[in-house]
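Dear colleague,

Please find below the structure that I am handing over to you. My findings follow it.

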Amino acid sequence: MDALILQLLNGLDKGGAYALIALGLTLVFGTLGVVNFAHGAIFMIGAFCAVTLRKLLTISTQVRDESITLFEAYKEVPILEAKFPVVGSIIVDFSVPLAILIAIPVMLALGLLMERGLIRHFYKRPHADQILVTFGLAIICQEIIRHYFGANPIPQAAPAVVAGSANIGAFLGLGDNVVYPWWRLIYLLFSFIVIAAVFAFLQFTTFGMVVRAGMQDREMVGLLGIDIQRRFTIVFGMAAVVAGLAGVMYTPILPPDYHMGMDFLVLSFVVVVVGGMGSLGGAVLAGFLLGILQSFASMNEIKSVLPGIDQIIIYLVAVVVLLVRPRGLMGRKGVMED
Amino acid sequence: MKNTSATSDWILFIAFAAAVLTMPIWLAPFGANYPDLMQKFAIFGVFAIGFNILFGLTGYLSFGHAAFLGVGSYTAVWSFKLLTMNVLPAVVFSIVVAGAFAFLIGFISLRRSGIYFSILTLAFAQMSYNLAYSVLTPITNGETGLQLSLSDARVLDAAVGVSTGRSLPSTSLFGIKMSGLPGFYFCAVALIIGFFIALRITRSPFGTMLRGIKSNQTRMSYTGLNTRPYLIWAFVISGMYAGLAGSLLAVTDPLAGAERMQWTASGEVVLMTILGGAGTLLGPVLGAALIKYFENIFSAFNDVTLNQAFDALPDGLQGFVVELVSLFVGDGWHLTLGLLFMITVIFLPGGIMEGMRRIGGLFTRKKPQPASSTTSAVADPS
């Protein structure tokens, strides 16, 4: 039972990342009709926003080490901490959550640039071309990051306040065995909030209403005198922000490296297909569902019965879903069904 | 293709064969005439030709072809381990096993088309890759990769009394060691045979059928034709080509690793085909050779050689230029690859062959023909 709860939480965590990326993929596909293979790279760049911020905050200077009295010793201390001892160390400690503030404008700009600079020219081209050109773009992003940050994962610490584990067992009345890292719980909560925000934005604002109408019938909305293209471009920027934020918050869980985007992209695509191309609810549902399935499949009890199942469960589910129900769990009729 | 008479096909084929066989001579000025690299040209040429039979003719974009390459490699190494160091059985087994594997995957994947097909093949390839790393370790030897060892059985070799002595045996064709130049010629012959078969397929009614599927599958089925068997055959044939390429990799260097099955490897063959020109006969071979050639040249650079190359520039400028160029060479070769990928898809969807046709069109002062179905780039199969 304890193990089950832990795996459920693990799965929800993983699913949160899948769902956030898949949500962006679906938004872009639903609005612009473009299959974006570079979406994983956006997730990765988001994660590296956090890395960059920490690097900037911890630019160090030499300070006299007072603890050694025999000779003059110096130690490296971030300038920020040296100048403002209390506030500075708190800022450095909270670099990951602070990176959100940096990531939002950066990712928005990146998304808009990508859409205006490249994707725009590919609306009318076949899906295969879209896949190929964004695949090339993903390789480029990945290699640039590798050039500047190296090939090794760069661990990022969560703020010290939430570095420990939460005693969920005691909270649920199950004994003290069920403990879970605070940061992962925060991540879970964060992904729920972001998903809810996206849905609320689409559901309750005029802008969202126009976008939804445009997803239904783009031509009609255009005929009503609305510049639907501009809205869709902004939606692309939004999708980039969502993926970027997912990347920022995921850094304490998984040390970012240059190919994390590709790893997540393949899985997120599978998630989108299982959920149903163009269905936002489907993407979120399938994201969490597949995350949970994957972490249950990696339990020892199951692995001993079906060895290797944890490696392939997601792909297996995708194959079955595509064959049995091609439009996915919640796909609309007629959207990319063949 | 206008002048597709049998004679011009033969001329094309003979010219191709001559060009491939004389590679050691005419590649010398490019500094690319050493066997290892030429073997790669031939092997990836085979791989790309096979991929083109599926993608170029039918328009189905498979993102999992590297899986067949990997399966071919594993099969070949197992044949070396269990049966004999002779390369012929290894090649035959690899083609058969990869073909069977392709049939299995194609049978399922081809029930969908368009982007779903791409994702299905990608899913299967990733599945094979993950399994090769984890559960199938007894067969694939996991991360270390499958290698020859002294304790291998080699039943057939033992039966005819070939003793390997105390060192690891090398692959051979009836006594000729398959390394260096002989290895290249073996791969070259495979490439020429592969090219011939691809030529025949393209010109056959079967090939016309596949092109029909690419230009309008719905209309094909309205004429009362079941397109599925044709697609499955195209998929299996291109899988067999990939298996052949995989076995050739093992022939020239008898080890096999799971990284050959990764989806970036699948992406590479897609790029080769597109760069050369999808749907054309020569294009994929050209693309494969170009990419392997540039990979070889670009990866060789490092900061020291770059500094030497730009020594003539003033100091500050030199530092800047070296910094800029080092992004693209050495470890950064993949960046160049990605850039090449994008430039090709954006500006020249028909690849090099299309570009050459356009340049040719400039000189003959004819209006460039609108791309015919064989030379147009990537069309959506749906």
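The C-alpha centres of domain 1 of chain B and domain 2 of chain B are 29 Å apart in this predicted model. Domain 1 covers 31-293 and domain 2 covers 301-370, with bounds from an automatic or database domain assignment.

Eleven residues of domain 1 of chain B are in contact with ten residues of domain 2 of chain B; contact requires C-beta atoms, placed from the backbone, within 7 Å. On the domain 1 side, α13 (263-276) and α14 (283-300) of chain B each contribute at least two residues, and α13(B) gives the most, with four residues. That side comprises six nonpolar, five polar and no charged residues (nonpolar: Ala, Val, Leu, Ile, Met, Phe, Trp, Tyr, Cys and Pro; charged: Asp, Glu, Lys and Arg; polar: the others, Gly among them).

Chain B as a whole has 18 helices and four strands, which are DSSP runs numbered from the N terminus (helices H or I, at least four residues; strands E, at least two). Of its 382 residues, 46% count as buried, that is, with 20 or more other C-beta atoms, placed from the backbone, within 10 Å of their own.

Residues are numbered from 1 along each chain as its sequence is written, and chains are lettered from A and ligands numbered from 1 in the order in which they are written. Local features need pLDDT of at least 70 and side-chain atom pairs count only at pLDDT 80 or more, while totals for chains, interfaces and linings use all residues.

Yours sincerely

Methods:
Contact = placed C-beta atoms within 7 Å. Buried ≥ 20, exposed ≤ 12 C-beta atoms within 10 Å, placed from the backbone.
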